[in-house]
Amino acid sequence: PLSVSSNGVLIDYDVLYPVHSVVYTDDNTNPTASGGILEGSGQTWVGYGTLTTGSGNTIYSWLRGG
């Protein structure tokens, strides 16, 4: 998923996170929103649920739709 260009080393997020991938975050920020872990990737992610750890922390799951 890596390539070299005049802009430096680039990653192809469509290879790394294909449609129907699930990612988990520790905050309720959509991965492609401003400040999200995949900001600027051009992908579409939808909330897919949450889970609560034994210590009471909430983990958010996101499903890639496009």
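Modeller: In a regular strand the side chains alternate between the two faces of the sheet. In strand 3, Val23 and Thr25 make up the covered face, whereas Val22 and Tyr24 make up the uncovered one. Strands here are DSSP runs of E of at least two residues, and helices are runs of H or I of at least four, both numbered from the N terminus. The model is a predicted one, in which local features need pLDDT of at least 70 and side-chain atom pairs count only at pLDDT 80 or more, while totals for chains, interfaces and linings use all residues. Residues are numbered from 1 along each chain as its sequence is written, and side-chain values use heavy atoms, with hydrogens and water left out.

Colleague: With which strand does strand 3 pair, and in which sense?

Modeller: Strand 3 pairs with strand 5, residues 58-64, in the antiparallel sense over 4 bridges, where two strands count as paired if DSSP finds at least two bridges between them. Within this pairing, Val23, from the covered face of strand 3, has Trp62 of strand 5 as its bridge partner.

Colleague: Which side chains meet in a salt bridge?

Modeller: The structure holds 1 salt bridge, a term that asks for a side-chain nitrogen of Lys or Arg within 4 Å of a carboxyl oxygen of Asp or Glu. Its partners are Arg64 and Asp14, at 3.0 Å from N to O. Because Arg64 belongs to strand 5 and Asp14 to helix 1, the pair ties together parts that are 50 residues apart in sequence. Arg64 counts as buried at 7% relative accessibility, whereas Asp14, at 43%, is partly exposed; buried means under 20% relative accessible area, exposed over 50%, and partly exposed in between, with a 1.4 Å probe and protein chains only.

Colleague: How many aromatic pairs does the structure hold?

Modeller: A pair of aromatic rings is described by the distance of the centres and the angle of the planes. The structure holds 2 such pairs, counted when the centres of Phe, Tyr or Trp rings (for Trp, the six-membered ring) lie within 6.5 Å, with planes under 30 degrees apart called stacked, over 60 edge-to-face and the rest tilted. Tyr13 and Tyr17 are stacked, at 6.5 Å centre to centre and 10 degrees between the planes, while Tyr17 and Trp45 are edge-to-face, at 6.0 Å and 80 degrees.

Colleague: Where does His20 lie, and what is its phi?

Modeller: His20 lies in the loop between helix 1 and strand 3, and it has a positive phi of about 80 degrees although it is not a glycine. With a relative accessible area of 62%, His20 is exposed.

Colleague: Which strands does a hairpin join?

Modeller: A hairpin joins strand 1 to strand 2 through 2 residues. Strand 1 (residues 2-5) and strand 2 (residues 8-11) pair in the antiparallel sense over 4 bridges, and Leu2 has Ile11 of strand 2 as its bridge partner.

Colleague: Which residues make the nonpolar surface patch?

Modeller: Leu2, Val4, Val9, Ile11 and Leu16 make a patch of about 500 Å². Strand 1 and strand 2 are the elements that give two or more residues to it, while Leu16 has its place in helix 1 and counts as partly exposed at 39% relative accessibility. Patch residues have over 30% relative accessible area and no salt bridge, with like charges joined within 9 Å and nonpolar side chains (Val, Leu, Ile, Met, Phe, Trp, Tyr) within 5 Å; the areas come from the Shrake-Rupley method with a 1.4 Å probe, and for residues only the protein chains shown count as cover.

Colleague: What does the overall pattern come to?

Modeller: The protein has 1 helix and 5 strands, in the order β-β-α-β-β-β along the sequence. Its radius of gyration, taken over C-alpha atoms, is 14 Å, well over the 11 Å that the globule rule gives for 66 residues, so the protein is more spread out than a compact globule; that rule is 2.2 Å times the number of residues to the power 0.38. Along the principal axes the C-alpha atoms fill a box of roughly 45 × 20 × 20 Å, and 21% of the 66 residues count as buried.
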